[in-house]
Amino acid sequence: MRFYVTVAALISSFSMTAHAEDISETDLRAHIEILASDDFGGRKPGTEGENKTLQYIAAQWQQAGLVPAAGSSTWYAPVALVDRTPLEQTVRFTRFKGEREKTIRIDDDQIILRSSMQSGRSTNVPIVHVGYGNQSTDSLADAVSTKLAFMFVGSPIGTEDFPSYRERKAKVLAAGAWGVISIAGSEARYARLARRFRRASTNIDAEGYHAGMEGIITKAAAEKLLRKAGVDYKQLFKDAASGAFSPVETGVYADLTSSTRVRSYQSHNVIGKIPGRKPGSGAVLFLGHWDHLGECRREPTVDRICNGAVDNASGISLLIETAKRLVKDRSDRDIYFLATTAEESGLLGARAFAADPSFPLEDLVAVFNVDTVALAPDGKLLAIVGRGKTSLDEDLEKVAAAEDREIDKTDKANAFLKRQDGYVFLEKDIPAFMITSAFSDQERLDSFLNGRYHDVDDEVDETLLLGGAADDANFHVALGRYFGSVDSYPFKYDGKLGTNSAGE
């Protein structure tokens, strides 16, 4: 049974504490100006900009009074990464008509390949179409083992909470596929995906994160391959969306070679801790990604650095200042702060941490991700990414009421659920949220996403809005105080992720 203190008394005492030392716009701007300066080079993992960023975050948390929490008295948890850039390729598809081998020709610009090693080669590998790849791993295993899997990139129209492409591809690889070729649903989408595919792609440097061969193919080329083999593409597409789809042996075979530039290197997460007064009562985690894109334009452009002031120097500044306030409280629970690497490459730092955490994940009672907070003039209205996904909505309402904040009750913010580090914890049934005023105004958010986002213009200038960021920072202090206390939040995990029981 949940234990409740008197709500009125809780809100009164809680609110008085939360506003003792408000975080200001000036506090946040000071960090953003440093982290988003040209001197940090755009904070790209594996560069000198990473070294400067890591040292700055650790120094700030150490000065605040946090202790290192990455293990062995260090702030830094290594994350092995690898970049792969496709260089050259040869492609040949065949089918058999009776005993005769027939070549199916497609244009070179209709497919792009990338191998896991510097040189990848396959000969006469059978192609199986797995639809969207959302079958169980067991049902996929017999169909795809050592074969080349064709898979739709998108999701069926009208589906909600459909597994992401990354999740589906991982499942196909776990089932034993040698390679995965993804089918773009339109020429425009193929063009976008191919542009990204030709650039260096970053992933965790471990087995299972990249197929022997990966690629993107146009819908027209895939349709031609299947038609020549007697497979009705339109019917296959329809069947794949039905939910009762079984992989289809296409009768097409592939001879593929790919030359790929491969660079392995080590990046790092930064982890600090505020030890709680009551060991064993659980833990709270605040996190945000420190990385950005580095140089994102080429010569002769003068300004080539994507500085990432909003995305996500603003979030790291919030974590630094929030830690400074919470360290003075010594809450009941441990409070951890995690600055992740390679979020821009697919939440890789968060995934690496979740795979090898420096403390038991089952200790976590709540997780709060901070990303892209400097977009609103004030923080009166809060958007919550993750609202409706866990049992903590009522608690967030209490904190909002105590802080005189209003929560956006629409579901718009959840469009970003799988695009932020908190999702890695939701996948493990740990309550995780991204709470920010920056996402409460759709028009303003769209303006950023369609303009300065991931470009050289995301830098510190007179247009940087920090009013909402300061309000959000103070709200995160309030969250830390509420969830860090066994009086205001008595729940604790009882050994099974996602299952709460009342604390005694």
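Throughout these legends, buried means under 20% relative accessible area, exposed means over 50%, and partly exposed lies in between, with a 1.4 Å probe and protein chains only. The structure is a predicted model, in which local features need pLDDT of at least 70 and side-chain atom pairs count only at pLDDT 80 or more, whereas totals for chains, interfaces and linings use all residues. Residues are numbered from 1 along each chain as its sequence is written, and side-chain values use heavy atoms, with hydrogens and water left out.

View 1. Patches are made of residues with over 30% relative accessible area and no salt bridge, like charges being joined within 9 Å and nonpolar side chains (Val, Leu, Ile, Met, Phe, Trp, Tyr) within 5 Å. Lys and Arg count as positive and Asp and Glu as negative, while His and the chain ends are not counted; the place of a charge is taken as NZ of Lys, CZ of Arg, CG of Asp or CD of Glu. Areas come from the Shrake-Rupley method with a 1.4 Å probe, and for residues only the protein chains shown count as cover. Glu25 belongs to helix H2 (residues 25–35), and its relative accessible area of 42% makes it partly exposed. Helices (H or I, at least four residues) and strands (E, at least two) are DSSP runs, numbered from the N terminus.

**View 2. A patch of positive charge on the surface gathers Lys97, Arg100, Lys102, Arg227 and Lys228.** Strand S3 (100–104) and helix H7 (219–228) each supply at least two residues of this positive patch. Lys102, which lies in strand S3, is partly exposed at a relative accessible area of 31%.

**View 3. Strand S2 (residues 76–97) pairs with strand S10 (residues 248–274) in the antiparallel sense over 19 bridges.** Two strands are taken to pair if DSSP finds at least two bridges between them. Arg92 stands opposite Asp255 in S10. S2 also pairs in the antiparallel sense with strand S8 (residues 201–204), over four bridges, and there Asp83 faces Thr202 as its opposite residue. With S3, S2 forms five bridges, again antiparallel, and Phe93 has Ile104 of S3 as its bridge partner. The hairpin of S2 and S3 has two residues between the strands, and in this hairpin Gly98 takes a positive phi near 70 degrees.

**View 4. Strand S9 (residues 213–217) is largely enclosed by the rest of the structure, because five of its five residues are buried.** Met213, Gly215 and Ile217 point one way from S9, whereas Glu214 and Ile216 point the other way. Strand S4 (residues 111–115) is joined to S9 by five bridges and runs antiparallel to it, with Ile111 opposite Ile217. Strand S7 (residues 179–183) pairs with S9 in the parallel sense, also over five bridges, and Val180 has Glu214 as its bridge partner.

**View 5. Glu101 and Arg92 form a salt bridge, with the closest N and O atoms 3.0 Å apart.** A salt bridge is a side-chain nitrogen of Lys or Arg within 4 Å of a carboxyl oxygen of Asp or Glu, and a search of the whole structure finds 23 of them. Glu101 is partly exposed at 40% relative accessibility, and Arg92 is partly exposed at 32%.
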